[in-house]
Amino acid sequence: MNLFSSKCIYKYISFCISDKSVNVSTHSSLNTFSDLHHIYLALIMLKSFCPKPRHNMATWNLFLVIMLMDIMVSGWRFGFGADGLSMQYYSFSCPPAEGIVRDTVNKALRSDPTLAAALIRMHFHDCFIQGCDASILIDSTKDNVAEKDSPANLSLRGYEVIDDAKEQLEQLCPGVVSCADIVAMASTAAVFFAGGPYYDIPKGRKDGRISKIMDTINLPAPSLNSSELIKMFGQHGFTAQEMVALSGAHTLGVARCSSFKQRLSNFDSTHDVDPTIDAQFLKTLSKTCSGGDNAEQNFDSTRNTFDNDYFNQLQLKSGVLFSDQTLFMSPKTKPIVNGYALNQAMFFMDFQQAMLKMSLLDVKEGSKGEVRANCRKIN
Ligand code: HEM
């Protein structure tokens, strides 16, 4: 075998192994970059190390077969031609998609850090109703009252951030990037911006065509207790541990007085005030509510920082919502709260896994949905 060509094959194979192992072993933030660039780098390698030999065509052909197989494997990883979700879904159809969403979110959060909470909550409320299909973004029409006009969603914010990303993407790659994927990507970007874990999610969700106010009855109410929450999240395939980890999203943001005032008076037949509230914190909540139904109370001491302080507050009986405090009061979920309060890394790990799982809830693929041109209305 021609020495030069065998060296070329050897170099190419070592390149493939090292490049792919970087991909697997490093942080997933590198996935899109390294997968896409694997092929580019392979082509550069081909040009620099492997000029077409004058004599040994058999070796040259073998080299081409190896490279073709490599590209096919990469293609499978990219999800070429498939309707299914994949990490690199937009690598060829709209390579800047993730970057544009991330930059748009970062820009918005730099001027208003409170939007991180809003974007994460938006993703949750989207996925729990009709699956992660951007049904939350659809505007009501004269014939239909949409999800976003339900009382449970009236305090959702951040729609303009999604619109901004969508407008840029429609300019660049019209009809390619779904609103459902934008909401999901915006949520991961928001978690990271606020100091939470980085995690990558598969893309390829299609947008739904239905958004009905009635469906929002399936969003969890702040009056639910631990068993009811376990049951409700269980219906979506989550374990109690995943439910508690997801509730940790309340490390960001605020609740309005209307969401917790029932804890402060006429609580139940035997108690005027919810007995699970710490006496000092009761004063704080009452003071907030003196500002009216829309007065805001931070969930924890760091409303724009993603950390495990929320769980510390639950241990101090200073959870804002009844549904928060119940996680510490119930023996079923108390050990999980204690674990996350003690170990932030464990909370981050479980949170990112549970968010990834949530981002895949009842996803519409292929012809089961569409890519809306405008996130606020069906095509
Ligand atoms: C466990 C059941 C849950 C209940 C009962 C619940 C309920 C609520 C309520 C009542 C509010 C305050 C709304 C207001 O007063 O305007 C709120 C805010 C929030 N929720 Fe949840 N939630 C739950 C789970 C989740 C999950 C799973 C996530 C995300 C993964 C999430 C993310 C948020 C965020 C970030 C905020 C703050 C929003 C802001 O400041 O704009 N929640 N939630």
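1. Start with helix 4 (residues 97-111) and helix 7, which pack at an angle of about 50° with their axes 9 Å apart. Axes here are lines fitted to C-alpha atoms, for helices over the stretch in contact, and angles run from 0 to 180 degrees between N-to-C directions. The pair counts as oblique, because angles under 35 degrees are called roughly parallel, over 145 roughly antiparallel, 65 to 115 roughly perpendicular, and the rest oblique. Helices (H or I, at least four residues) and strands (E, at least two) are DSSP runs, numbered from the N terminus.

2. Before going on, please keep in mind that this is a predicted model, where local features need pLDDT of at least 70, side-chain atom pairs count only at pLDDT 80 or more, and totals for chains, interfaces and linings use all residues. Residues are numbered from 1 along each chain as its sequence is written.

3. Back to our pair: helix 4 passes helix 7 in a right-handed crossing. A crossing is left-handed if the near helix is turned anticlockwise from the far one by less than a right angle, and right-handed if clockwise. Among the contact residues are Val101, Val105 and Leu109 of helix 4, with Ile182, Met185 and Phe193 of helix 7. Two residues are in contact if their C-beta atoms, placed from the backbone, lie within 7 Å.

4. Now find helix 5 (residues 115-128), which packs against helix 7 (residues 179-193) at an angle of about 140°, the axes being 8 Å apart. Helix 5 is thus oblique to helix 7, and their crossing is left-handed. The contact includes Leu119, Ile120 and His123 of helix 5 and Val183, Ser187 and Val191 of helix 7. By class, this contact has 10 nonpolar, two polar and one charged residues. Ala, Val, Leu, Ile, Met, Phe, Trp, Tyr, Cys and Pro count as nonpolar, Asp, Glu, Lys and Arg as charged, and the others, Gly among them, as polar.

5. Next, look at the ligand: 24 residues surround it, the closest being Ser155, Ala249, Gly253, Arg256 and Ser259. A residue is near a molecule or strand if its C-beta atom, placed from the backbone, lies within 6 Å of it. Helix 5 gives the most to this shell, with five residues. By class, the shell has 15 nonpolar, six polar and three charged residues. Domain 2 (97-218 + 361-368) and domain 3 (226-357) both give residues to the shell, so the ligand lies between them; the domain bounds come from an automatic or database domain assignment.

6. Finally, helix 8 (residues 226-234) and helix 9 pack at an angle of about 100°, with axes 9 Å apart. They are therefore roughly perpendicular to each other. Leu229, Ile230 and Phe233 in helix 8 meet Ala240, Glu242 and Met243 in helix 9.
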